[in-house]
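Me: Hey, can you walk me through this model? I'd like to go piece by piece.

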Amino acid sequence: MLDIKVVEIGYFLSRCGLDEPPKQLNVKNWHEAYLSFYEKLNNGKNKKEFKNSLKNIRDHFDSHLNNSRRGWFDDNGIPDKLPEQYIFVKNYLSSLSDDKLWDYLEHYSDNNFGTKKRKNLFWKFDISTFRLLGRELITDRITAVVELVKNSYDANSKNVYIKFFNIDEKSKAKIIICDDGFGMSASDIEKKWMTIGTNSKRENIITPKPFYRRVVGEKGVGRFAIDKLGSNCKIFTKRKNNSNLNILSIDWGSYSENDETDNFQKVSNHFKQKKLANKSSGLKIVITNVHDIWTYNDLNRLYKEMAKIVSPFNSLYPPFNIFISSNQYDDYKQNKLVKNEAIKYASESFSIDYSINKKTQEIISFKDNILSIEEKPLLNFGPVKFKLYYFDQYAKGNYKKNYKGGEQQIDGIKIYRDGILATPFAEHQEIIDNKRDILGLDKRRWSGFFEKISSRDVIGILEITKEFSPNIIDSTNRQDFIDNDEYRELKSFIISQVAELEKYLKFKKNENYKEVDRNLEDAKNKLEDFSDDIKKFKDVLSNADDVDITKEIKKLENTAKKANNALKQGLIKQQEEKLESERRESMFLSLMSLQTYALEITHIIKTSLGHIKRRAEFNFDFADDVSFKDDVSIYNKEIIHEIDKLNQAIEFMSTYTRSEKNWEPFNIKHSIYSVFDGYKPVLERENINTLIEIQDNIILNYNIYLFEDIIKNLINNSVKALELKENKLVKIAGYIEDNSLVIIFSDNGSGIQEKYKEKIYDIYYTTTAEDGGNGMGLYMVKTNLEAIKGHIELIQSELDNGATFKLTFPFKGDNK
Amino acid sequence: MKKNTEIIIIDDVLPTNDPLIKVLGREGFKDIKLFSHSQEGIDYIFKYIENDFIVILDINFPGGEKNGEEVLAEIRKHNKLIPVIIWSAKDGTEYDFTSFINNHALYYVKQATSYKEILKRVNDAFHYLQLDIASAIERWLNEQEDKEQILSIDSDGNNYSARDLMKEIRMQSSEGRKIEKEIIELTIDLLFRERVKLDD
């Protein structure tokens, strides 16, 4: 089977070429005409083979097309029968005009652009796939801007300007991103920019001198970002030593979503060139038809994310500056230079480096009551620089005061590769608790120690280089690194370093206690001095004639000030301690409830064992007693039923014991869909319709087994409640409200009678014992939720009848 | 005798056909009442406070309901003498029984032990009840025609019927204790002066 493209080219050559090759190709002879397609379509053939094969195709078409060449005919003057593939190609291309045909095939030729100044460019890929891919890679608009800025970085820009115009009104809004990088030539635009996953960036991993930057937009996804921001875009770009300003207009809006079969390469993008006689270079992207309005807070978020892009370690030379401006928000009316301001407020910090020559890695260690730096041999993941800034409550407060909404930026340890943030890939999360904790910093807190640092107490910058840490590899979704020995060791290295800081903080805290005591003691002494002075003063006043009274008063004032200061110091320290201990308490509470939960489960099992034991005992004692014949047989059944319950409880408990391991972020939507998929056979058998409306991208940091178990319990209940109904419906909705995930679960079944409303959460409470209901369900749901301080309640049914439950899962609270 | 004693089981998860109820019936306790809500149990006891009761009480009740501890305290407000057997899956490793002891729970039986254990405790409680003077008066009263007749007049000239006496004894008020003590002393006096003889 021939490559269909080659057949299409053959058709083109036959149709548009006469004695001379088609003029569009701009070549001297047929030989050149064939070979101009060689680079793109050779498919492993050598030039001679390729030329012969293409000529052969052209000749085939010649005999069926009206051109000056004769083509192939048989002895009777009848044209050779065309192979099926050829007929197919001929049929669909014959409707195109010559111009359109060339537009369609042009990019297979090497001699693109030629002398034309105006033309349409086509995407070199399927649009729907492109957009789908884009949406996976660019999950939010902040990330989108980050991507575009990374492209600017790769283009050796010194300055990038992100400008927002009228951004509070979609119809008038405009987003401009411009840089002074090396820009793109016409052929760059066509061959690289408009083709997915071109590897040009990967081939050149270092940008040209004098920048020598490591390329960061490795996978070439930056252009997807534009689609995320708005549907209309104009790109102006120019290279330094080229007088052409290239202008490309893209209208994403014209790619209809529904038109999936037909959109391939059909919609053109307008391309033109203008002469511009200066030596400047760069790129400007103007986005209109903006998808979302950007509020002041959105710009602040963007600013903060931008501040994280370049490591504060490496002051780059030549520099890379990012500016944000907006004509609407005062703070951004001037171009606002993005700076990382967090670290100057930190209360503790350390910094470690490495030496390639000595093959040593510095590590931090807490010894003799101080943090000291030691030199160790290099570790398997390669040399790292690591700077960690710790913020206690006081430093956080200071930072917050000076940097509006700044708390968000104190958000854990990030890994930079060659000066640029590697991962998590500029992930933006409205709710900080939903951020991926890839290093597992916060998971440790669940293990029950109050002295652990959380990702919200630190900013960490870990620097690796591609050169020396080749085995720390980004995972494809760019939210983590690929799991291998090196990465694991790197993680445990980071945790171990954090642990050293923790030891130090613990030591300091004890010192603090002592200092408080000292301060208070001091205050006491000062006050004693004060009363002494007053006494003296009194004495002095009684012999007032010969003494300088003002001098004595001054002395008195000084003593009073000192006393006051000492007391103040004491009070500040006490307050800090108080804040810290409140935080610990609230942590303790959530752990307590887990223990309470364990006790509850134990109780269930004991109760169940009691039931079984009495029945077994009775049957043993009275098996032969005719008067108890019926009872014995009922008890036998009940024993079996009770054992099933026990099994369920034990199974459930084992999900809890697994929970430490499975306590990790997961996507609510995926999880709920997978539960419903599992229930498909049951739901279909029972003729139950489902309506699932879950907000996208909600990530919950919870045990996925427990979560799914909750959903399963609710579905089980609904299936029972719907048994005798018609038009059965189960509806589930999920959304975020007040820092919690809310799930509204409804059915239009038999509902819950008023008098049972309080009872339904009790252990073993069931109204469906005959149908095998065992009353464990809602009890499990409730205790399970209470263990994480969530709750379940029965609310006004949202369907005509039936039951509606509201479940609340708090995101791990900010324990302040 | 047993048939005059009511067994009150207050337990939220015990089914009505539980073997315990069967074997209690077989032991001769014909009047067994099961309450799955603690308040219902309390209400019943107060309503028929003059009856002979043996209470089997669970500790754990669902949220919002009085737990075993509270139920016992409530019962003790009106009657210090009803034998109450605590029967629960909870044990000393997870539960503090102080309040039960202070409120004179008679026995504690683990829920998962043999029902023979609880039968034995119920029988013990039955004998305890037989020794209770208030119950004795009750039994005696049941045979009398005029239940309100005045039995005694105290030094202040207040009149007491048998019913009043029973109430004081059950509350273990100072008056009640005094009467109890006097009845015992009188009984012993009568017995040893051979004014009366023990039935064989």
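Predicted model: local features only at pLDDT ≥ 70, side-chain atom pairs only at ≥ 80, totals over all residues.

Me: OK. Which residues of helix α19 in chain A are buried?

Reply: The helix covers residues 668–678, and its buried residues are A:Ile668, A:Ser671, A:Ile672, A:Val675 and A:Phe676. Looking down the axis of α19(A), you'd find them within an arc of 130°, so they line one face of the helix.

Me: And which exposed residues are on the face turned away from the buried side?

Reply: That face of α19(A) carries A:His670 and A:Gly678, which are exposed.

Me: Next topic, sheets. What's the strand order in the open sheet of chain A?

Reply: It goes β19-β21-β22-β24-β23, five strands with mixed pairing. The edges are β19 (688–694) and β23 (791–795), each with a single partner strand, so one side of each has no neighbour in the sheet. On average, neighbouring strands here are turned by 15° against each other, ignoring direction.

Me: How many bridges join β19(A) to β21(A)?

Reply: Seven, and the two strands run parallel. As one example, A:Ile694 has A:Gly734 in β21(A) as its bridge partner.

Me: Which strands does α19(A) touch?

Reply: α19(A) packs on this sheet and touches β19, β21 and β22 (740–747) of chain A, with its direction at about 170° to that of β19(A). Helix α21 (residues 704–721) of chain A packs on the sheet as well, touching β19, β21, β22, β23 and β24 (804–810). The direction of α21 makes about 20° with that of β22(A).

Me: Switching to chain B: is the pairing in its five-strand sheet parallel or mixed?

Reply: Parallel, in an open sheet ordered β2-β1-β3-β4-β5. Here β2 (31–35) and β5 (107–110) stand at the edges with a single partner strand each, so one side of each is left without a neighbour in the sheet. Neighbouring strands are turned by 20° against each other on average, direction ignored.

Me: What joins β1(B) to β3(B)?

Reply: Six bridges, between residues 5–10 and residues 52–57, with the strands running parallel. Along that pair, B:Ile7 stands opposite B:Ile54.

Me: Which strands does helix α2 of chain B lie across?

Reply: Helix α2 (residues 38–47) lies across β1, β2 and β3 of chain B, at about 160° to β1(B). Then there's helix α5 (residues 115–131) of chain B, which packs on the sheet and touches β1, β3, β4 (84–88) and β5. Its direction is at about 150° to that of β3(B).

How values were computed:
Residues numbered from 1 in each chain as written. Chains lettered and ligands numbered in written order. Heavy atoms only, no water. Buried < 20%, exposed > 50% of the residue type's maximum accessible area, 1.4 Å probe, protein only. Helix = DSSP H or I, 4+ residues; strand = E, 2+ residues; numbered from the N terminus. Arc of directions from axis to C-beta. Pairing = 2+ DSSP bridges. Axes fitted to C-alpha atoms, helices over the stretch in contact; angles between N-to-C directions. Contact = heavy atoms within 4.5 Å.
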